[in-house]
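Let's take a walk through this structure together.

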Amino acid sequence: MEKLSGLSQLFMTVFLYSFSNFMVMPSITDVTMDALCPGRDQCSLAIYLTGFQQAITGIGTLVMMPLIGYLSDKYGRKALLTVPLCLSIIPSAILACSRTRNYFYAYYVVKTLTSMVCDGSAQCLALAYVADNVSEGRRASAFGILTGIGTSAFVCGNLSTRFLSTASTFQVATGVGIIAVGYMKIFLPDSMIENEKELSVPILSKGKAKVVSTCPKASQFSSKNEQIFKPIPSLDDMICLLKTSVTFSQAAVVAFFNSFSEVGLQASLLYYLRARFHFNKDQFADLMVISGIAGTISQLLFMPILAPLLGEQRLLSIGLFFECIHMFLYSIAWSFWVPYAAAMLSVLFVFAQPCMRSIVSKQVGSCEQGKAQGCISGICSFANVVSPFAFSPLTALFLSEKAPFPFPGFSILCTTFVAMIAFIQSILIRVAPPVSSQLA
């Protein structure tokens, strides 16, 4: 019962945090365009700045995600979760004051710096928290519910934006972010036992010194040699972790190409829709609400039923297949209603992320969930670095008058091809038995 209570508090924390972050998303494009290129529907500077921000954020999170996962294994999920929840409040607070050009640049710098720590870290820690408290047989459904909670916050946040002014949107987001921190500090129990902070095994490497650990499921990616603690995870440790399980490495490839395509879509889509169909904040919010409602229903109702019947690997492939179709429809949109129809496919492609995370969580011991999720988040962050360099110039080119041929959605079509690589790789995954069953 205590574990279930902890999960409910976690779900509420995730909902409040996600609500605060998602409700500003439909407004950011308009704020950026109005600050940099007022009165215009196409602005290459805005596209390049957004791509640069995503790349710098990806570099930061590439370093921070494995470190945060490691530290959460050592000191507990709650202590580390406090960091992204607090830092994420600052950018919204800046735009809550004003959205003039100077304030926008201040927001841009602060958002870039805080995102290097915040982006993905709350999700990574929440997944590790769920893995701490849920058995392997129920983990895919639990991850689906967690993702569904985030998606429901996405719906509520974007729906509230539809009825708020731009200034009020950032003010409310700041207030909800503060409430999320307070709620977590007061109500959320830590999944790590207080007097066993050294219980979990940090990222390991070969050596001659013994590990002093009472963890019942110690690292499975050790060799016959004895192991030592390392103060912080290194690139070699991540590579070692990837080599320990074929399933883990295959899931990592899927994670990379899936993130590569998703970040490319995010960098291009809103600017594409504004240039192609003159969408504004309200249309963006409508689009996100439709996608969010479909995803929430799917994750909270369908995934707990389908995951045990089909298995995570098949459900992962189904999700990635429909993600390809989703992106393809955006790229060839011939009328303003096509993006809304594409958004409805969220009911199927939302399966991909929780299934992939569930597959990964079962390849390591119970004391290594933070490391495993942090490693996958770090790989996704590397994709975040590379993707903007590929897609931001492509988007700017094909939305400009200098496009080599008339195809405004060409950059989004390219994200479809990248997503297909992830889909093909997901078909090749052969899920290995969970670590706990190997230890039994």
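**Charged pairs across the chain**

Searching the whole structure turns up three salt bridges, where a salt bridge is a side-chain nitrogen of Lys or Arg within 4 Å of a carboxyl oxygen of Asp or Glu. Side chains of opposite charge can pair when their charged atoms come close.

Before we meet them, a word on ground rules: this is a predicted model, so local features need pLDDT of at least 70, side-chain atom pairs count only at pLDDT 80 or more, and totals for chains, interfaces and linings use all residues. Residues are numbered from 1 along each chain as its sequence is written, and side-chain values use heavy atoms, with hydrogens and water left out.

Start with R274 and D30, which pair up in a salt bridge with their closest N and O atoms 2.8 Å apart. This one links distant parts of the chain: R274 sits in helix α11 (residues 246–277) and D30 in helix α2 (residues 25–36), 244 residues apart. Helices here are DSSP runs (H or I, at least four residues), numbered from the N terminus. Both R274 and D30 are buried; buried means under 20% relative accessible area, exposed over 50%, and partly exposed in between, using a 1.4 Å probe and protein chains only.

Next come R77 and D132, whose side chains meet in a salt bridge at 2.7 Å, N to O. R77 lies in helix α4 (residues 77–87) and D132 in helix α7 (residues 121–133), so the pair ties together parts that are 55 residues apart in sequence. How accessible are the two partners? R77 is buried, with a relative accessible area of 2%, while D132 is partly exposed at 21%.

Then there's K362 with E312, a salt bridge whose closest N and O atoms are 2.6 Å apart. K362 is in the loop between α16 (352–361) and α17 (369–398), and E312 is in helix α13 (residues 312–331), 50 residues away. K362 counts as buried because its relative accessible area is 13%, and E312 is buried too, at 14%.

**What about the cysteines?**

A search of the whole structure finds zero disulfides, meaning pairs of cysteine sulfur atoms within 2.5 Å. C97 is exposed, at 58% relative accessibility, whereas C156 is partly exposed, at 32%.

The chain's mean pLDDT (the predictor's confidence in each residue, from 0 to 100) is 80, and 85% of its residues reach 70 or more. Over residues 193–229, though, the pLDDT is below 50; beyond near neighbours in sequence, this stretch has 76 contacts in the model, a contact being heavy atoms within 4.5 Å.

Key. Helix = DSSP H or I, 4+ residues; strand = E, 2+ residues; numbered from the N terminus.
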